[in-house]
Amino acid sequence: MPDVGSDIAAAAAPAAPTVDAGSTLVVDHPLAVHRLSGLRDVTTDSPTFRHLVTELSTFVAYEGLRDLPTVDRRIDTPVMSDVSSPRVDEMVLLVPVLRAGLGMVPAIQAALPATEVAHVGLRRNETTLEADVYLNRLPRDLSGRRVVVCDPMLATGGSLAQVSDMVKERQAASVTILCLIASVPGLAFFHSRHPDVTVACVAVDPDLDERGFIVPGLGDAGDRLFGPPD
């Protein structure tokens, strides 16, 4: 007799998101968008904002890095010996874009088995909206490495495109962008520069204002994480 219950469960289960090179993966799970509403809220204080960024970074890392390779390990369980148990066996290089990207690092490190971190700092010219690099701690040679660039906001797309340029110049094997909110124009610009790079985010907002801020967005993520600069 067919197992009707398992057939119903399989039909009801949502399809898992796929990660394709050059795509935009929107992690719009109800539990993620619920937390995103807290990030957007102007009344959310900094400690709560940091906590929500941590939780959402875990969601985005989980789905955005779905293509991590695994290798087989043989283990003993309490009830059976020599069981196949796949594990991730890759040292991932995290590249937080300062300063807001720092808020995502602890959660991504907690999710991944092995990571290294290389900081890149960019300062935006408020007149031209162009970014200048003031800190570059990338290794000189990234041959064969998976690089994960993290920044809560993909606004104009310029900063993340610039960091992706820097990573590719060092011959990284793959680049993935993890963010929380992206904009339609920013994604269009970014993918025009890097059509092979996947961007994972929780939401894609329609517009940018005259300052290059995402609308409706959540304001300045760095200021809301760490306080305004002097």
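Strand β1 covers residues 24-26, and V26 belongs to it. Strands here are DSSP runs of E with at least two residues, while helices are DSSP runs of H or I with at least four residues, and both are numbered from the N terminus. The structure is a predicted model, in which local features need pLDDT of at least 70 and side-chain atom pairs count only at pLDDT 80 or more, while totals for chains, interfaces and linings use all residues. Residues are numbered from 1 along each chain as its sequence is written, and side-chain values use heavy atoms, with hydrogens and water left out.

Let's stay with V26 for a moment. Its relative accessible area is 33%, so V26 counts as partly exposed. The scale has three steps: buried means under 20% relative accessible area, exposed means over 50%, and partly exposed lies in between, using a 1.4 Å probe and protein chains only. Together with V184 and V204, V26 makes a nonpolar surface patch of about 190 Å². Patches are built from residues with over 30% relative accessible area and no salt bridge; like charges are joined within 9 Å, and nonpolar side chains (Val, Leu, Ile, Met, Phe, Trp, Tyr) within 5 Å. A salt bridge, in turn, is a side-chain nitrogen of Lys or Arg within 4 Å of a carboxyl oxygen of Asp or Glu.

Now step back to the whole protein. Its secondary structure comes to seven helices and 17 strands. Of its 230 residues, 42% are buried. The accessible surface comes to about 12100 Å², and carbon and sulfur atoms hold 55% of that. Such areas come from the Shrake-Rupley method with a 1.4 Å probe, and for residues only the protein chains shown count as cover. Among contacts between residues at least 6 apart in sequence, 63% join residues at least 24 apart. A contact means heavy atoms within 4.5 Å.

Next, the strands. Strands of a sheet pair through backbone hydrogen bonds, either parallel or antiparallel. Two strands count as paired if DSSP finds at least two bridges between them. Strand β8 (residues 120-124) shows both arrangements: two bridges join it to the parallel strand β6 (residues 92-98), and five bridges join it to the antiparallel strand β9 (residues 131-136).

Another place to look is an open sheet of three strands in the order β11-β13-β15, with parallel pairing. Its edge strands are β11 (153-154) and β15 (203-205), each of which pairs on one side only. Between β11 and β13 (residues 181-183) there are two bridges, and L154 stands opposite A182 in β13. Helix α6 (residues 184-193) lies across β11, β13 and β15, running at about 80 degrees to β13. For that angle, axes are lines fitted to C-alpha atoms, for helices over the stretch in contact, and angles run from 0 to 180 degrees between N-to-C directions.

The peptide bond from L98 to R99 is cis, with omega near 5 degrees, and R99 sits in the loop between β6 and α4 (105-111). A cis bond also runs from V215 to P216, with omega near 5 degrees; P216 is in the loop between β17 (214-215) and α7 (221-226). D82, in strand β4 (residues 80-84), has a positive phi near 55 degrees although D82 is a residue other than glycine. With 47% relative accessibility, D82 is partly exposed. Q171 is not a glycine either, and its phi is positive at about 70 degrees; look for Q171 in the loop between α5 (158-169) and β12 (174-178).

Finally, which residues does M104 touch? M104 lies in the loop between β6 and α4, and its relative accessible area is 0%, so M104 is buried. Leaving aside residues up to four places away in sequence, M104 touches V53, S57, C150, D151, P152, L178, C179 and L180. M104 and R50 are 54 residues apart in sequence, yet 8.8 Å apart in space, C-alpha to C-alpha. S164, in helix α5, is buried because its relative accessible area is 0%. Beyond residues up to four places away in sequence, S164 touches V175, I177, F190 and H194.
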